[in-house]
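This walk through the structure follows its charged pairs and then one of its helices. Please have the model open alongside the text.

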Amino acid sequence: WRCHVHLVEDPLPRFEDLLRDIIAALEQTPPARRRGPGHAAERELGRYELLCRFREVIRHRMSRARRRLVVLLDEAQQLPEETLLELKSFANLAEGDEGAACLILAGNDELADRIAALPEIRQRIGLRCHLRPLAETEIGAYVAWQMQAAGYGGPPAFDDGALQALHAGSEGVPRLVNRVAKIALTWAFTLGVRTIDAKIIQRVADDTLGHEAYVFRGLTAAC
């Protein structure tokens with residue numbers, strides 16, 4: 001089976017809006033189509049009609065083509081409780097169509113706490129994964145991999161002191177590592193510096209992160 005990944009970066013407040021967004025993406029049509037001037041807007045489908053349409057899309061566009069739909073909801077801790085509870089309808093439909101759909105909820109520790117308080121959702125989660133902060137010894141390999149993935153093939157752009165400062169400033173949180181390293185690379189380019197040292201990292205970290213509290217990122221998956 002091949003996977004079709006649909007990413008929702010900004011959580012939609014209502015379950016119906018989420019269904020409309022997914023259906024529109026799979027059918028390659030605008031989520032809310034309106035007629036021209038002087039015409040009334042098309043009637044929006046209700047919850048039951050949206051669920052039926054979603055099931056049709058899964059069966060005709062995904063299952064028959066032996067493709068699996070993967071919906072990734074980022075920042076899922078921001079979803080209203082009502083929407084979280086209604087996600088069980090998505091899980092029920094996915095289970096009823098030979099696993100043709102999978103839902104992944106990604107967020108910080110608040111998401112895990114909220115799901116723990118909702119047995120209707122907790123019981124439907126098939127896999128849980130928590131991303132821990134990187135250790136200081138892992139920063140070098142992580143940064144090198146990111147640079148290689150971006151197409152860089154030259155000598156190390158960060159010296160040992162920079163990597164130590166990068167870990168200290170980000171506390172190993174991958175998102176913060178990426179943020180500080182990216183800005184440091186921009187600074188180095190502007191200054192004409194070929195190798196980034198601890199001083200550049202410390203200045204970037206101070207300007208970018210300040211003294212804010214760090215929230216470790218986690219991942220909770222429901223398939």
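In this predicted model, arginine 175 and glutamate 75 form a salt bridge, with their closest N and O atoms 3.3 Å apart. Arginine 175 belongs to helix α8, whereas glutamate 75 sits in the loop between β2 (67-73) and α3 (81-95), so the pair ties together parts that are 100 residues apart in sequence.

Within α8, the buried residues are Leu176, Val177, Val180, Ala181, Ala184 and Ala188. They cover an arc of only 120° around the axis, and therefore lie on the same side of α8. Their cover includes α6 (136-149), α7 (160-170) and α9 (198-208). On the face turned away from the buried side, α8 carries the exposed residues Lys182, Phe189 and Thr190. Just after α8 comes glycine 192, with a positive phi of about 75°.

The whole structure holds six salt bridges. One of them joins aspartate 17 to arginine 14, with the closest N and O atoms 3.3 Å apart. Aspartate 17 is partly exposed at 23% relative accessible area, and arginine 14 is partly exposed at 40%. Arg14 and Asp17 are also linked with Arg20 in a network of salt bridges. Glutamate 138 pairs with arginine 132 in a further salt bridge, the closest N and O atoms being 2.9 Å apart; glutamate 138 is partly exposed, at 26%.

Note on methods:
Residues numbered from 1 in each chain as written. Predicted model: local features only at pLDDT ≥ 70, side-chain atom pairs only at ≥ 80, totals over all residues. Heavy atoms only, no water. Buried < 20%, exposed > 50% of the residue type's maximum accessible area, 1.4 Å probe, protein only. Helix = DSSP H or I, 4+ residues; strand = E, 2+ residues; numbered from the N terminus. Arc of directions from axis to C-beta. Contact = heavy atoms within 4.5 Å. Salt bridge = Lys/Arg side-chain N within 4 Å of Asp/Glu carboxyl O.
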